[in-house]
Amino acid sequence: MSKGLKADLEKCTGCQMCALICSASHTGKFNPSESRINVEDVFPEPGEFRMNHCTHCDEHPCVEACPVEAIKLNESLGIYYVDKDECTACGACVDVCPYNGCWMDPSGSYSIKCDLCNGDPQCVEVCPKGVLTR
Amino acid sequence: MAADGYTGKVLRVDLTNEKISTEPLNKEWAKQYVGGKGLGAKYLFEELKPGTDPLSPDNILSVWTGPLVGTLVPLTSRYVIVTKSPLTGTFLDSYAGGFFGPEIKYSGFDGLIITGKAPKPVYLWLDDGKAEIRDAKNIWGKDTYATEEIVRKETGQKMARVASIGPAGEHVGLISSVTNDLTRNAGRGGTGAVFGSKNLKAIAAKGSLGVEVPDMDGLLKMAKEMIRTDVVDNPDHAGMITDGTPILVEMSNDAGILPTRNWNDGTFDGHEGINSEAIKSRVFVRKRACFDCALACGTWAKVRRGIFKDSASEGPEYETLGLCGSNCGIKDVEAVVKFVEECDREGLDSISTGNAVAMAMELYEKGVLSKDDFGGLDMRFGNAEAYVKMPAMIARRQNIGALLADGTKRAAQKIGKGAEEMVVAVKGMEYPAYDPRGSIGMALAYATSDRGACHLRAWPVANDAYGSQDPWNPEGKAATCVEDQTRTSIKWSFIFCDFYGVSFPNMAKYYSAVTGNPSSEEHLRSLGRRIWNLTRAFNVREGFARKDDTLPEKMAKSPLRSGKTQGKSVSKESFEMMLSEYYSLWGWDSDGKPTKETLETVGLGDIVPRLSYLR
């Protein structure tokens, strides 16, 4: 059973407040490019929103792919997070993830993915349309 | 970068010499004028030579954000184009939501100041503090949808945000717009023509520089609380969440102010085919929000059957439903979806375009124009199949479109034969969708707006035709306009969306939290008064005065024909009385010019020496 965020995209309006608060709470800046969740608005065709974020899947191929064991277990939440100080930015996790759930920080110096905000995901709290749940 | 909401940088682009430079934002001006409208007005007043031809290389095309844009302060996704309008000759500030505004900030700029004319078509690419003038050969001639797609491929950024002109702006049509994120338009006043006159096809941006504030934890806490209590749960916003602006179609029809068949009536027998219920039941696909908006008033709409099947667009919004629907005698929302998709693709202001097509329809029915003028089309009111061909005809200056492309006033002057009496515009800018013959407050709002007939500076219709006040009693309307213009002047400087009913104290709270500057209701009111006086001074410097704050003759001479407004008009006596009272409330002389004392009181003493009427 995935421990990550669940998204009901039928409710999504593409406002990006999830990405905005994610970047602010992780980096101290409003900067959706550094967010751990992102929304693509794909219009006019097919006219829908797509959301990318780590699903915290049970298989976690990223953990196996990481050559320096920088993706570590948060024991209290039972999920894996990227220790950016140990990440070498090789991109193996990005390549192996089947969910497009992690990507490189714009600085190019480490990969980023959802860490569930230590159990209190800010995107879930801010989403005005109830798209996201844990 | 200081942690005060601003990037602290302004980009200057000289297209003639293909030169780009970055300079620090004038922080003193930022304190006095904030951003958006105010800051854009200050730079324009200081830098544009009076009397400049708006379509000449000397005109300044500027694009501004504000300190709150790109933050979590709700409903602050907007940008503004500030320039001298080629349609009206006045100051012009034209706004759009979507995603382009925040991307300018993330790219590292508070504003862009563009002058000159490129030797060949170009577009501007902003990328993390860098800017580049690029060859537009692959996008010139393309519509705005195709332009966005091609620019994303050329820049390799699949989520690059693009603001571009369509064929209408390329042909320097004076009712052309700048379109971003497919369906959002800095629509009014001929912004597209200014781009076109400079050979500037588009501005595209993708940034990852971020926006900083003094106390992020404090701001997030406050913003989360306000998003809930002041936006989502605010009862004033309920209609915007459930319906969006189309909710106004029925309200206007009931009040007798829904423009119908080129402003010859205020109620429309086909209103049920273009109202909010029609949208929800016939073309609704999903809600589509602008960046950072918890309301999501926008609707992505798609036609499911009939001759316009698969046409898709956002909206249509109320103004479009009124002017491109009832005002053209169109009874089916599907046709309006197709028409507004065409306007967005071609890069046309749907308010002015709806007015232009409605006037052409009246001229056709009266025999002044013939099928030949429309390339063989039967352009009677209500002929949806013919009317959807008009945006392309206007944008590309084909047939009668060659004249309509420059708006109703100029077209009518060239057509003659009584056409001038059918123009419904102020200073050459066509009316939005509220007939002043059933809302006398709007008569004053249109006449005194700083960019021609506009509903976004004062909106007294809220209290008269839609509210409990007598819509024909001029008393108190001047005060309402002054209050609204003060509030919107500062609101458009942050830049908040129109649909956030944000109070002065809350604006002050947000401003302080983002910039670290102290603020209060009175502080923001004083800025609002300063900014409105500055745009007035700009227009006076360009030669505008009381003689221009007028309404078309039709408002007094031609009463409406049915419903609540049957037999109603705007009396000249009432109008002049309101106008005099309005000037007096602002502290302007009887000719509508700000006095020296007034300018000094609002903090504009520095511009007094540069206004010839005060010498």
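Tutor: Gladly! Keep in mind that this is a predicted model. Let's begin with a helix: α7 of chain B, residues 216-232, bends by about 35° at B:Met226.

Student: Which residues of α7(B) are buried?

Tutor: Here is the general idea to start with. An α-helix has 3.6 residues a turn, so residues three or four places apart point the same way. In this case, the buried residues of α7(B) are B:Met216, B:Leu219, B:Leu220, B:Met222, B:Ala223, B:Lys224, B:Met226, B:Ile227, B:Asp230 and B:Val231. B:Met226, where the helix bends, is one of these buried residues.

Student: What do the buried residues of α7(B) pack against?

Tutor: They pack against elements from both chains: α1 (17-27) and α4 (122-126) of chain A, together with α20 of chain B.

Student: Which residues touch the most other members in the largest nonpolar core?

Tutor: The general idea is this: in soluble globular proteins, nonpolar side chains tend to be buried together. Here, the largest nonpolar core has 98 residues, and B:Tyr387, B:Met390 and B:Tyr582 touch the most other members. The element that gives the most to this core is helix α13 (residues 350-365) of chain B, with nine residues. Another core, of 79 residues, lies apart from it; among its members are A:Ile21, B:Leu25, B:Val213 and B:Trp492.

Student: What does B:Tyr387 touch?

Tutor: Leaving out residues up to four places away in sequence, its contacts include B:Cys324, B:Cys328, B:Ile330, B:Phe339, B:Val357 and B:Met379.

Student: Now the backbone. Which peptide bonds are cis?

Tutor: To read this feature, look at the angle omega. The bond from A:Phe43 to A:Pro44 is cis, with omega near 5°, and A:Pro44 sits in the loop between β2 and β3 (48-52) of chain A. The bond from B:Phe494 to B:Ile495 is cis as well, with omega near 10°. B:Ile495 belongs to the loop between α19 (477-494) and α20 (504-515) of chain B.

Student: And phi? Where is A:His56 found, and is it buried or exposed?

Tutor: A:His56 has a phi near 50°, a positive value in a residue other than glycine. Its place is the loop between β3 and α2 (61-65) of chain A. Since buried means under 20% relative accessible area, A:His56 counts as buried at 6%. B:Leu75 also has a positive phi, near 60°; this residue lies in the loop between β3 (61-64) and β4 (79-84) of chain B and is buried, at 3% relative accessibility.

Student: Which residues are closest to the centre of the second largest pocket?

Tutor: That pocket holds about 710 Å³ of space. Of its 25 lining residues, A:Pro32, A:Ser33, A:Asn38, B:Met159 and B:Lys206 are the closest to its centre. By class, the lining has nine nonpolar, nine polar and seven charged residues.

Methods
Residues are numbered from 1 along each chain as its sequence is written. Chains are lettered from A and ligands numbered from 1 in the order in which they are written. This is a predicted model: local features need pLDDT of at least 70, side-chain atom pairs count only at pLDDT 80 or more; totals for chains, interfaces and linings use all residues. Side-chain values use heavy atoms; hydrogens and water are left out. On a 1 Å grid over the protein atoms alone, a cavity is a set of points where a 1.4 Å probe fits but cannot get out, and a pocket is an open set with protein on both sides within 12 Å along at least five of seven lines; lining residues have an atom within 4 Å of a point. Grid points are joined across faces, edges and corners, and a volume is the space filled by probe spheres set on the points. Ala, Val, Leu, Ile, Met, Phe, Trp, Tyr, Cys and Pro count as nonpolar, Asp, Glu, Lys and Arg as charged, and the others, Gly among them, as polar. A nonpolar core is a set of buried Ala, Val, Leu, Ile, Met, Phe, Trp, Tyr and Cys residues joined through side-chain atoms within 4.5 Å. Buried means under 20% relative accessible area, exposed over 50%, partly exposed in between (1.4 Å probe, protein chains only). Helices (H or I, at least four residues) and strands (E, at least two) are DSSP runs, numbered from the N terminus. Contact means heavy atoms within 4.5 Å. The bend at a residue is the angle between axes fitted to the seven residues ending there and the seven starting there.
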